[in-house]
Amino acid sequence: MVMADLVDTAVRFGINTITIEAQDIGRYAWARFGFVPDRSSWMWHVRVEARRRLKMTSAEISQPALGAYGEVLDGENPKLVREVASWRDPVTSIVKFNKDTGLPEKVPLGQALLLETQSQWYGTFELDDPETMDIFERYVGRK
């Protein structure tokens with residue numbers, strides 16, 4: 001909610017761009033919120049690490065789906081992070097474990113690819129971009 005308030009304040013002040021460094025849990029949350037990595041982060045960090053993590057799911061996802069996901073990760077447009085963040089196929093986490101059983105939990109594929117890697121990134125939120133604002137409004141429950 002703090003970030004939603006920041007966006008509202010930025011709109012009131014006429015600010016067009018918010019820039020962040022996505023670390024730790026933010027790597028997934030910021031993408032869901034509407035932030036887009038800069039081109040360098042997408043090309044050399046996010047998609048490379050996501051591709052590595054995707055390979056770890058090969059026993060859980062069909063070959064056609066893996067191929068389709070791989071094609072997206074081959075794309076050069078940083079806005080593709082939004083598609084990656086939306087992937088919901090359940091996969092076995094490599095970092096999240098059930099506190100009672102000690103067994104790995106299932107997480108959405110997009111979360112695994114963006115959060116369960118070492119890839120930190122820099123990115124922006126463009127307040128004058130209708131697509132970005134639509135993603136934001138849906139994410140914070142305004143639509």
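A word on naming: helices are DSSP runs of H or I with at least four residues, strands are runs of E with at least two, and both are numbered from the N terminus.

Some ground rules. This is a predicted model, where local features need pLDDT of at least 70, side-chain atom pairs count only at pLDDT 80 or more, and totals for chains, interfaces and linings use all residues. Residues are numbered from 1 along each chain as its sequence is written, and side-chain values use heavy atoms, with hydrogens and water left out.

Stay with α2. Gly26, Arg27, Tyr28, Ala31 and Phe33 of α2 are buried. Buried means under 20% relative accessible area, exposed means over 50%, and partly exposed is in between, with a 1.4 Å probe and protein chains only. The cover over those buried residues includes α1 (2-13), β1 (17-22), α5, α6, β5 and α7.

Now helix packing. Two packed helices are described by the angle between their axes and the distance between the axes. Axes here are lines fitted to C-alpha atoms, for helices over the stretch in contact, and angles run from 0 to 180 degrees between N-to-C directions.

Take α2, residues 26-33, against α7. The angle is about 110 degrees, and the axes are 7 Å apart. That makes α2 roughly perpendicular to α7. The cut-offs: under 35 degrees is roughly parallel, over 145 roughly antiparallel, 65 to 115 roughly perpendicular, and the rest oblique. On the α2 side, the contact is made by Ala29, Arg32 and Phe33; on the α7 side, by Ile135, Phe136 and Tyr139. Contact means heavy atoms within 4.5 Å. Those residues divide into five nonpolar, no polar and one charged. For that count, Ala, Val, Leu, Ile, Met, Phe, Trp, Tyr, Cys and Pro are nonpolar, Asp, Glu, Lys and Arg are charged, and the others, Gly among them, are polar.

Next pair: α3, residues 39-55, and α4, residues 63-74. They pack at about 165 degrees, with axes 9 Å apart. That makes α3 roughly antiparallel to α4. The crossing of α3 and α4 is left-handed, meaning that the near helix is turned anticlockwise from the far one by less than a right angle; clockwise would be right-handed. From α3, the contact uses Trp42, Arg47, Ala50, Arg51 and Leu54. From α4, it uses Leu66, Tyr69, Gly70, Val72, Leu73 and Asp74. The α3 and α4 contact splits into seven nonpolar, one polar and three charged.

Valine 72 counts as buried, at 12% relative accessibility. Leaving aside neighbours within four places in sequence, valine 72 is in contact with Trp42, Leu80, Glu83, Val84 and Trp87.

On to charges. How many salt bridges does the structure hold? Twelve. The criterion is a side-chain nitrogen of Lys or Arg within 4 Å of a carboxyl oxygen of Asp or Glu.

Three examples. Arginine 52 meets glutamate 49 at 2.7 Å, N to O. Both lie in helix α3, three residues apart, about one turn of the helix.

Arginine 53 meets glutamate 116 at 2.8 Å, N to O. Arginine 53 is in α3 and glutamate 116 is in the loop between α6 (109-115) and β5 (121-126), so the pair ties together parts 63 residues apart in sequence. Arginine 53 and glutamate 116 are both buried.

Then aspartate 129 with lysine 79, the closest N and O atoms being 3.8 Å apart. Aspartate 129 sits in the loop between β5 and α7 (130-139), lysine 79 in the loop between α4 and α5 (80-86), so this pair ties together parts 50 residues apart in sequence. Aspartate 129 is buried at 17% relative accessible area; lysine 79 is partly exposed at 35%. Salt bridges that share partners join Lys79, Arg82, Asp129 and Glu131 into one network.

Last stop: glutamine 118, in the loop between α6 and β5. Buried or exposed? Glutamine 118 is exposed, with a relative accessible area of 68%. Beyond neighbours within four places in sequence, glutamine 118 is in contact with Arg27 and Glu49.
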